[in-house]
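Subject: Structure for your files

Hello,

Here is the structure you are taking over. My notes follow below it.

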Amino acid sequence: MATLITDDLEIHYVEHGPRDGTALVLVHGLFFSTRLFDRLASHLPDRRIVALDVRGHGRSTRPRHAYHYSWSSLADDVVAVLDELGIDRAVVGGLSLGANTALAFGLDHPDRAAGLIVEMPVL
């Protein structure tokens, strides 16, 4: 478990598996946290998996103002975690809120996306 500071917010994340190979970044749905992916990660022990608590969820900071929760802001949180870990490109996948975050990541940072997994996007 680790936490980084970006835009005066603490973003919590966890890593599973080896540190080589293409990373799979997983983003949870509304009202969930990194714990959503613990079981999945245990079934993929040879895969580098990074899961993060997006702002307002889990152990990450809960901003007070709604404008802090834009899709681009959530995608930037993914980029901040990638930068912290020295990862240039990753497959980013998410469920519900996380799916929209993955889509925003792909739109805002296409050069960082090795692929997207989109499960039940909100919109």
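What pattern does the protein chain follow, read along the sequence? The pattern is β-β-β-α-β-α-β-α-β, and the protein chain has 3 helices and 6 strands. Helices (H or I, at least four residues) and strands (E, at least two) are DSSP runs, numbered from the N terminus.

Please note that this is a predicted model, in which local features need pLDDT of at least 70 and side-chain atom pairs count only at pLDDT 80 or more, while totals for chains, interfaces and linings use all residues. Residues are numbered from 1 along each chain as its sequence is written, and side-chain values use heavy atoms, with hydrogens and water left out.

The sheet

The 6 strands form an open sheet of mixed pairing, in the order S1-S2-S4-S3-S5-S6. Its edge strands are S1 (2-6) and S6, each pairing on one side only. Two strands count as paired if DSSP finds at least two bridges between them. On average, neighbouring strands of this sheet are turned by 25 degrees against each other, direction ignored.

Strand S2 (residues 9-16) pairs with strand S4 (residues 49-53) in the antiparallel sense over 5 bridges. Histidine 12 stands opposite aspartate 53 in S4. Strands S5 (residues 90-95) and S6 (residues 113-119) run parallel and are joined by 6 bridges. Glycine 93 has isoleucine 117 in S6 as its bridge partner.

S5, helix H3 (residues 97-108) and S6 make a right-handed β-α-β unit. Right-handed here means that, with the strands pointing away from the viewer, the path from the first strand over the helix to the second runs clockwise.

Aspartate 77

This residue is found in helix H2 (residues 71-85). Is aspartate 77 buried or exposed? Aspartate 77 is buried, with a relative accessible area of 1%. Buried means under 20% relative accessible area, exposed over 50%, and partly exposed in between (1.4 Å probe, protein chains only). Not counting residues up to four places away in sequence, aspartate 77 touches Thr6, Ile11, Leu52 and Arg55; a contact means heavy atoms within 4.5 Å.

The whole chain

Buried residues make up 46% of the 123 residues in the protein chain. Among contacts between residues at least 6 apart in sequence, 66% join residues at least 24 apart. The C-alpha trace spans about 40 × 25 × 25 Å along its principal axes.

Regards

Technical notes. Axes fitted to C-alpha atoms, helices over the stretch in contact; angles between N-to-C directions.
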